[in-house]
Amino acid sequence: MKVVLIGVGQAGGKIAQSLAEFDYNMDFDAVQGALAVNSAHADLQNLDIETQLVGQDTVKGHGVGGDNELGAQVMQDDAIEVMDSLDGKITAQAEAIFVIAGLGGGTGSGGAPVLVRELQRVYDLPIYALGVLPGRGEGSMYQANAGRSLKTVVREADSTILVDNDAWHDAGESIEGAFDSINQNIAQRIGLLFASGEAVEGVGESVVDTSEVINTLREGGIACMGYASAISGETAEDNINAVTSVTRSALFTGTSLPDAVTADSALLVVAGRPEAIPRKGVERARRWVEDQTGSMQVRGGDFPLDSDRIAALVLLGGVERSPRIEEFMERAREAQQQQQKAPEDHAANFRNDDLEDLF
Ligand code: GDP
């Protein structure tokens, strides 16, 4: 899948850069262009991809702190500049645009939903969001901001792929210490998803196509991705069990959104040397994904890759019913109520408890 990446805010910019680097180093050529947008000048200086500062008139390059309403406003004010910076990046080959952001901060949290909406107006391509959810240990501001941002971006984007900051790093690492390894994991796994739709030489019928990714995300809502790999056996026959066991690990322990298994749609991509991918194993794993997700729409395909490992990549679409999301939204609502609670504010009893949209 040929994609253009726009990272908004600090996390968004770093992840967009990691994805662009991975794609370049692997020679996949799926990433057509990458842009980082931020209201904090200092965060943009550390990046090698192209950048665009927003909110210069309002915040003078100092960022919006954790104020995601201000983040939404500065993006709206400078939307024309951002769209101009994208000109020429969205080539005729581009098949999708990804807006990437940490949902718990300010610039990305507020700015990403605004940018998605602006892109939807102009481009006739799927506009996806790749959002990072704050880990459980992050403060209540992050949780509340992420709740409002998520609610809004899910409404605007064609699909929102979520990565929980508690998911793709080793237990024991602090969240901040883990950012680099989480970003590397995102780059490798989401980068493989982008590349898996790219035609590779010597393709067979079973090779996965970009349209499979787009169709899996077609229903919109929230999506997530699982990944696991193991040492490959020599022959396809040797790998029958390996394929089922990496698929199981991808869904149960390798997922970007822990405990999100029930899904509307799914795509299982098996990556490895073509002659070592067992048809029987892949078919069995696909039926297993059908059983686990409860989805009748499980697509599948191979990703021929010259590697000594065999990997399963599972994309799940429509996971918003999962307990993980309900639990997060509850956490965000509580965090927002805590922030709103003023000591003498009896009128608060009459306010709607629901999280408001950002705009
Ligand atoms: P912004 O610059 O105002 O958009 O704020 P940030 O991008 O710093 O967003 C804050 C949220 O993103 C928090 O939940 C952080 O834990 C998370 N975050 C910040 N930097 C990174 C990063 O490099 N990687 C990951 N995975 N998360 C990050």
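Colleague: A polar contact is a pair of N or O atoms within 3.5 Å. So what in the ligand lies 2.7 Å from an N or O atom in the side chain of N183?

Modeller: A nitrogen atom of the ligand. Bear in mind that this is a predicted model.

Colleague: How much of the ligand does the protein bury?

Modeller: The ligand exposes 570 Å² when taken alone, and the protein buries 92% of that.

Colleague: Next, helix 4. Which of its residues are buried?

Modeller: Helix 4 covers residues 68-77, and N68, G71, A72, V74 and M75 are buried there. These residues sit on the same side of helix 4, because they cover an arc of only 165 degrees around the axis.

Colleague: Why would residues three or four places apart point the same way?

Modeller: An α-helix has 3.6 residues a turn, so residues at that spacing point the same way.

Colleague: What do the buried residues of helix 4 pack against?

Modeller: Their partners include strand 1 (3-8), strand 2 (31-38) and helix 7 (140-156). Helix 3, helix 5 and helix 6 are also among them.

Colleague: And what caps the N-terminal end of helix 4?

Modeller: D67 does, with a side-chain oxygen 3.1 Å from the backbone nitrogen of E69.

Colleague: Changing topic: how many aromatic pairs are there?

Modeller: The count is five. In one of them, F28 and F303 are tilted, with 5.9 Å centre to centre and 50 degrees between the planes. F28 is in the loop between helix 1 and strand 2 while F303 is in strand 9, so the pair ties together parts 275 residues apart in sequence.

Colleague: Are F28 and F303 buried or exposed?

Modeller: Both are buried. Ring pairs also link F22, F28 and F303 into a cluster.

Colleague: What sort of pair do F252 and W288 form?

Modeller: An edge-to-face one, at 5.4 Å centre to centre and 75 degrees between the planes. F252 is in helix 10 and W288 in helix 11, so this pair ties together parts 36 residues apart in sequence. F252 counts as partly exposed, at 42% relative accessibility. W288 is buried, with a relative accessible area of 17%.

Colleague: Last one: where is T51?

Modeller: In strand 3, residues 50-53. The C-alpha atoms of T51 and V37 are separated by 5.8 Å, although the two residues are 14 apart along the chain.

Key:
Residues are numbered from 1 along each chain as its sequence is written. This is a predicted model: local features need pLDDT of at least 70, side-chain atom pairs count only at pLDDT 80 or more; totals for chains, interfaces and linings use all residues. Side-chain values use heavy atoms; hydrogens and water are left out. Buried means under 20% relative accessible area, exposed over 50%, partly exposed in between (1.4 Å probe, protein chains only). Helices (H or I, at least four residues) and strands (E, at least two) are DSSP runs, numbered from the N terminus. The arc is that of the directions from the helix axis to the C-beta atoms. Contact means heavy atoms within 4.5 Å. A polar contact is a pair of N or O atoms within 3.5 Å; within protein, one must be able to donate a hydrogen and the other to accept it, and residues adjacent in sequence count only if both atoms are side-chain atoms. Accessible areas come from the Shrake-Rupley method with a 1.4 Å probe; for residues, only the protein chains shown count as cover. Rings of Phe, Tyr and Trp (its six-membered ring) pair if their centres lie within 6.5 Å; planes under 30 degrees apart count as stacked, over 60 as edge-to-face and the rest as tilted.
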